[in-house]
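Biologist: I have a model open and I'd like to learn how to read it. Could you take me through it step by step?

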Amino acid sequence: RSKNLQLQMNPHFIFNALTGIHMLLLRGETNPALESLRQFKGLLIRSWGSATDRPETLRASDVGKEISFLKDYVNLERLRLSGEVLFSVESRVEDGLKIPAFLIQPLVENAIWHGVDYSLEGGKSVPDIRLTFFMEEERNGLVVTVEDNGRGLDDSPNMDEALNVSAAKRQSHGLRILRERLSLISPEAEFLLENRKDSQGC
C-alpha cells in the first residue's frame with residue numbers, strides 16, 4: 001500500500017510541473033518554458049530511479065538525495081515565477097539518513113502553489129521557503145519542517161476562481177497521499193499544518 005501511494009505521487013508531480021510550463025507558454029515566455037522542459041526531463045530521470053511501475057522495485061532514498069532533488073525542483077518553479085523564490089535548507093542530520101522518496105516534495109510544492117505563490121500578487125513580498133531537518137531526542141525521530149511567508153491558513157485566497165479551485169484539488173490530493181504514507185510508515189508519524197507564530201506564513 002505504501003509503495004502504491006508513492007507511485008501515485010509521480011503523476012501528481014508531473015501534472016503540476018506541466019501546468020507550470022503551460023503557464024509560461026501562455027505568457028509567451030518561450031525560452032523559460034524550454035529551460036523548464038529541460039530541467040523537468042532531468043527531474044523525471046532522477047525520480048524514475050526510485051519509482052517505477054513495479055512497486056516491488058521501489059528503493060528508499062536518503063536526506064542528501066532528497067535535498068538535491070528539492071533544490072532542482074525549486075529551480076524549475078523559479079522559472080515559472082520569474083526567479084522570485086528564496087529557498088534555504090538547514091540539515092542537522094547525516095545526508096545518508098534513509099527516508100522514503102518523494103515524502104517532502106509535496107510540502108514544498110504546496111508552499112509554492114498555495115502559500116508562497118500568492119505573495120507575488122502586487123509585489124507584496126519575495127517568496128521565502130525554509131526547509132529544516134533535525135532529530136527529536138525525546139522520541140528519537142526525524143522532524144522535517146517546511147516554512148513559507150505566504151498568506152497563511154486564515155487569510156487564504158478567494159477559491160471561487162476556476163484555476164484556484166483546480167490548484168486546491170491537486171494539492172489536497174498530494175497532502176492526502178502524504179498523510180496516508182506517513183500513517184503506513186509508522187503509527188507514531190505526525191503531520192501538522194499550522195500558521196507560523198513568529199511571522200507571516202505557514
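Predicted model: local features only at pLDDT ≥ 70, side-chain atom pairs only at ≥ 80, totals over all residues.

Biologist: How many helices and strands does the chain have?

Modeller: Helices (H or I, at least four residues) and strands (E, at least two) are DSSP runs, numbered from the N terminus. Here you get 5 helices and 5 strands, and from the N terminus on they run α-α-β-α-β-β-α-β-β-α.

Biologist: What share of the chain's residues counts as buried?

Modeller: Buried means under 20% relative accessible area, exposed over 50%, and partly exposed in between, using a 1.4 Å probe and protein chains only. Of the 202 residues in this chain, 42% are buried.

Biologist: And which residues have the most contacts inside the largest nonpolar core?

Modeller: A nonpolar core is a set of buried Ala, Val, Leu, Ile, Met, Phe, Trp, Tyr and Cys residues joined through side-chain atoms within 4.5 Å. The largest one here has 37 residues, and Tyr73, Ile104, Val108 and Val146 have the most contacts inside it. Helix 3 gives the most to this core, with 7 residues.

Biologist: How many aromatic pairs are there?

Modeller: You describe such a pair by the distance of the ring centres and the angle of the planes. Rings of Phe, Tyr and Trp (its six-membered ring) pair if their centres lie within 6.5 Å; planes under 30 degrees apart are stacked, over 60 edge-to-face, and the rest tilted. This structure holds 1 pair. The centres of Phe69 and Phe102 are 5.3 Å apart and their planes sit at 70°, so the pair is edge-to-face. Phe69 lies in helix 3 (residues 63-80) and Phe102 in the loop between strand 3 (98-99) and helix 4 (105-116), so the pair ties together parts 33 residues apart in sequence.

Biologist: Where is Glu66, and what is it in contact with?

Modeller: Glu66 is in helix 3. Contact means heavy atoms within 4.5 Å. Leaving aside neighbours within four places in sequence, Glu66 is in contact with residues including Ser61, Ile99 and Phe102.

Conventions. Residues numbered from 1 in each chain as written. Heavy atoms only, no water.
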